[in-house]
Every structure is written in C-alpha cells, then in structure tokens.
Amino acid sequence: MEQARKNVEASGKNIRFLKAEAHAIDLPNESVDVIVSRNSMGLSLHPKEVYQEWFRLLKPAGRVLVFDSNWYLRLNNPELQRQCDKYRRLAIKKGYQDKIISKQPVSDAIARKMPLSLERRPLWDHGAFRRCGFQQILYHPTPMFAICATK
C-alpha cells in the first residue's frame with residue numbers, strides 16, 4: 001500500500017486507498033467510481049459476496065476491472081492436470097526451463113480448497129457479474145484474463 005500511495009502522489013491524482021475485506025467494505029452505497037482487483041479473486045473464500053459488494057459500492061456506470069487467472073482449475077480436474085503435465089513435458093523437451101518448484105505441494109494444497117479453483121473462469125465471473133446486476137461485461141477467456149463489468 002505504501003508503494004501505491006507513493007505512485008499516486010507522484011502522479012498528482014486524487015485516489016483513495018482502503019484496506020478491507022473485499023466482501024464487507026464500510027463505505028456508502030454507490031460511492032465508488034472504479035474497483036480494480038489484481039490476482040486476488042482466486043484467493044477469496046467468498047467470491048460471490050465480493051462481486052455483490054462491489055456492485056453495491058459502484059456508482060451508476062461505475063466499473064470493476066478484474067485481472068486474474070485460472071491456473072488452479074487443473075487441481076480439481078484430472079483431465080486438465082494430465083494436459084498441463086503433457087504440455088509441461090513438451091516444453092521441457094523443447095528446451096524451456098520448468099519454473100515449477102517440485103509441483104509446489106503446499107500452495108497447490110491451499111489452492112485446491114479455494115472456491116474458484118473449482119470454476120471455469122472467466123465464465124464463472126461473467127455469470128456472477130450478470131447475477132449481481134452488472135450490464136456490460138467484457139472479457140477474453142485464457143488462463144490469464146481481464147474482465148471489465150459496468151454497473
């Protein structure tokens with residue numbers, strides 16, 4: 001947060017930072033213009049509630065931008081895990097270095113338990129935003145994705 005504050009100060013913009021639980025933010029209804037989330041929704045235990053809260057907070061025509069990934073779906077889907085392993089082996093065979101450290105057993109065990117590790121994202125996000133009431137939802141489905149939803 002400190003580095004983000006320094007960046008804002010240097011830019012001369014008026015941006016307010018708030019540290020809170022994403023699904024329970026103590027701000028008035030329709031008080032926020034833009035919400036940006038980067039690589040955090042996959043770690044949320046309450047993703048539906050987070051999007052509902054963000055909808056409540058956004059002013060009319062406000063936007064939420066989510067930059068995230070779907071790397072852990074493979075952990076709960078044996079076929080996707082086989083495909084991942086196959087392509088990893090092919091990449092190594094072609095000379096690419098495998099940056100996965102001994103399959104990261106601790107982080108994989110944690111990720112396996114997260115609700116969004118069971119979902120095909122960003123399709124899940126699209127549906128969740130729609131159910132919350134967002135009107136315009138744009139995204140491109142890849143393992144790493146960006147999704148923009150407008151209230």
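Predicted model: local features only at pLDDT ≥ 70, side-chain atom pairs only at ≥ 80, totals over all residues.
A polar contact is a pair of N or O atoms within 3.5 Å; within protein, one must be able to donate a hydrogen and the other to accept it, and residues adjacent in sequence count only if both atoms are side-chain atoms. Residues are numbered from 1 along each chain as its sequence is written, and side-chain values use heavy atoms, with hydrogens and water left out.

**Exercise 1.** Describe the surroundings of E53.

*Solution.* Begin with the position, which is in helix α2 (helices are DSSP runs of H or I, at least four residues, numbered from the N terminus). Next, E53 counts as buried because its relative accessibility is 10%, where buried means under 20% relative accessible area and exposed over 50%, with partly exposed in between (1.4 Å probe, protein chains only). Then look at its partners: the side chains of E53 and R56 are joined by a polar contact of 2.8 Å, and, not counting residues up to four places away in sequence, E53 touches A22, H23, A24 and I25 (heavy atoms within 4.5 Å).

**Exercise 2.** Determine which residues of helix α3 are buried and which are exposed.

*Solution.* First locate α3, which spans residues 78-93. Its buried residues are L80, Q81, D85 and R88; they lie on the same side of α3, because they cover an arc of only 135° around the axis, taken from the directions from the helix axis to the C-beta atoms. Finally, R82, Y87, R89 and K93 are exposed on the other side of α3.

Terms used. Helix = DSSP H or I, 4+ residues; strand = E, 2+ residues; numbered from the N terminus. Expected span 1.5 Å × (residues − 1).
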